[in-house]
Structure formats: C-alpha cells, structure tokens
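Here is a short report for a first look at this structure. Please view the sequence and the model, then read on.

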Amino acid sequence: MTDGSQVGIVFWFLSFVILVSGFMVVSLKNIFHCALFLVLCLFSVAGIFILLEAEFLAAVQILIYVGAISILLIFAVMLTTNMATKKVSQSNENVAVGLFVSITFAMSAILLIDKTSVWRYRDQAQNISEGAIVALGKSLMTQFILPFEVVSVLLLAAMIGAIVLARRERS
Amino acid sequence: MFYYLALAAILFSIGLFGVLTRRNTIGILMSLELMFNAANINFVTFNKYIAAEALLGEMFAIFIIVVAAAEAAVGLAIVLLIYRNWNGIDTDNYNVMKW
C-alpha cells in the first residue's frame, strides 16, 4: 500500500486474516472447523472488495459465498462425516509434494508479478464513480445480456442436476 | 497493486496445496473455493487499477461467483452420492474412474 496509511492498515489486517484462515482451511484436522474458517476467509475477501471500491461485489460475495455456499458446505459436512469420532489425518501422503508445488507456484507467480511491466504504467488507483452500480446493472442488461441469460440457464441446469444426483432412487 | 496481486497469488497457492493434499472430498471443494476467490481478487484489482470506468473486471467476477455456486451445488450432490454408495468420502476410497 503506497497511498493512505489507514487503507494500508486495513489491507494488511484483512490480508493477514485471509491468509491465516485460508491456511487453517487447508490444514486443520476437523473438517467442520475448516468450514468455519472458510467463512471467515470469504468474509475478509468481501472486505478486500470494499477496499477496492467494489461494494456490489462485496454484497454479492457475502450473500452467495458466506450465505449460500458455506451453508451448503456445512450441510454436506454434517450429512457425510460423523464429526465427533473423526480424528484421523485429513491429508494424504502428498503433503511434501503439495507443499513444494504450491510454494514454487507462489514464488514464481509473485516473481512474475514483480517482473512484469504490463500494469506498471498504470499503477495508480482510479476512482470508481458513484453510479458504478447503476452502470453495472445497465451493462448487465445491454452489453452482457447473452452471458446473463446463459448463466441463468446454467444455474437451472445445476439445480436440476443436483436434485437428480442427490435423489434417493426408489426401487 | 502489487500487494493485492501477491495476496491473490498466495491465496491461490494455499488453495492449490489444499486440493493436492486433502483426503476429504469436501475439503477439496473448500480449497477450490479459495482458488476462485483468489481469481476474483485479481479481477477486481485489475478493474480498479486499469479500467475502472469499464467495470469489466467486476462483471467477470460476478459471473465467476455464479459459476462457483453452480459448481458447489453439483459437486456436493456428487459428494453425497459417493458417500451413499461407497460409505465414505475420502479420496482413497473410490477409484472406479481408474482403468
């Protein structure tokens, strides 16, 4: 953060929470605790969105991720595992390889971001106007009308697919 | 801007680690959500810093969230099905897709 020390403090706090809770999500033994830390992580990502002046996206994030997807995940956890007895290791034998791959990926990605010059000439936060949500809604109904409709069909298909998959077959 | 991108990269790597090492299928799906969120942070950052007036990044992020919701619904239905048929959702329990 180069601009605004208060924004900087909020950014560092949010990113600390995101990274710590994200690490908890992938490393804790109890899968239910993982789901709760996932909620915290997604909430902090919504905070990052607000920091980037994407308020509508933050609201969508809280509604859909925190409200819907996490609840879905928690329901699936409670339907499939017997939480009280599950104390075995939740990770498989690939921990070393996975650690190596992910650390290598993170280092190379950060190095690439550092070395690339595509965004440097515009490394300046631009102001998003007050009517950004209006513009968003308008372009959703004009320019992006086709993806909008396709995504609604996708949601319908996913809903029907989930019902058909999870239905108990009668014989 | 660098810090936002670095945050997204580290979050993506954490998700990658989770996908590679989790034994529980629901854990894998949770790590996938982390990776989706890293991508979303990138999109919103580029939207803010490069083309704030076009709002294309936010639009893309909205569609990503919708697709993630659909993915979670179908994925968890498949997880329930696996649990019912194989009595467990650990990834070393089922290997019917192997040849």
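Start with one residue. A:Ala162 counts as buried, because 20 C-beta neighbours lie inside 10 Å and 20 or more is the cut-off for that class. A:Ala162 belongs to helix 6 of chain A, which covers residues 145–166. A:Val10 lies elsewhere: A:Ala162 and A:Val10 are 152 residues apart in sequence, and their C-alpha atoms are 39 Å apart in space.

This is a predicted model. It scores ipTM 0.87 and pTM 0.86. Chain B has an average pLDDT of 85, and 87% of its residues score at least 70. Where pLDDT is low, the predicted coordinates should not be read in detail.

Now turn to chain B. Chain B holds three helices and zero strands. Its elements run α-α-α from the N terminus on. Of the 99 residues in chain B, 56% are buried. Among contacts in chain B with a separation of 6 or more, 47% join residues 24 or more positions apart.

The axes of helix 2 and helix 3 of chain B are 9 Å apart, at an angle of about 175 degrees. That angle makes helix 2 of chain B roughly antiparallel to helix 3 of chain B. Residues that meet here include B:Leu29, B:Phe36 and B:Phe43 from helix 2 of chain B, and B:Phe60, B:Ile64 and B:Leu76 from helix 3 of chain B.

Next comes the interface between the chains. Here, 58 residues of chain B are in contact with 71 residues of chain A. On the chain B side, helix 1 (2–21), helix 2 (25–49) and helix 3 (56–86) each supply at least two residues. Helix 3 of chain B gives the largest share of that side, 21 residues.

The table sets out the residue classes for both contacts.

| Contact | Nonpolar | Polar | Charged |
|---|---|---|---|
| Helix 2 of chain B with helix 3 of chain B | 16 residues | five residues | two residues |

Which helix of chain B supplies the largest share of the side that touches chain A? Helix 3 of chain B does, with 21 residues. Helix 3 of chain B also packs against helix 2 of chain B.

Definitions and conventions:
Residues numbered from 1 in each chain as written. Chains lettered and ligands numbered in written order. Predicted model: local features only at pLDDT ≥ 70, side-chain atom pairs only at ≥ 80, totals over all residues. Contact = placed C-beta atoms within 7 Å. Helix = DSSP H or I, 4+ residues; strand = E, 2+ residues; numbered from the N terminus. Axes fitted to C-alpha atoms, helices over the stretch in contact; angles between N-to-C directions. Parallel < 35°, antiparallel > 145°, perpendicular 65-115°, else oblique. Nonpolar A, V, L, I, M, F, W, Y, C, P; charged D, E, K, R; others polar. Buried ≥ 20, exposed ≤ 12 C-beta atoms within 10 Å, placed from the backbone. pLDDT = per-residue confidence, 0-100.
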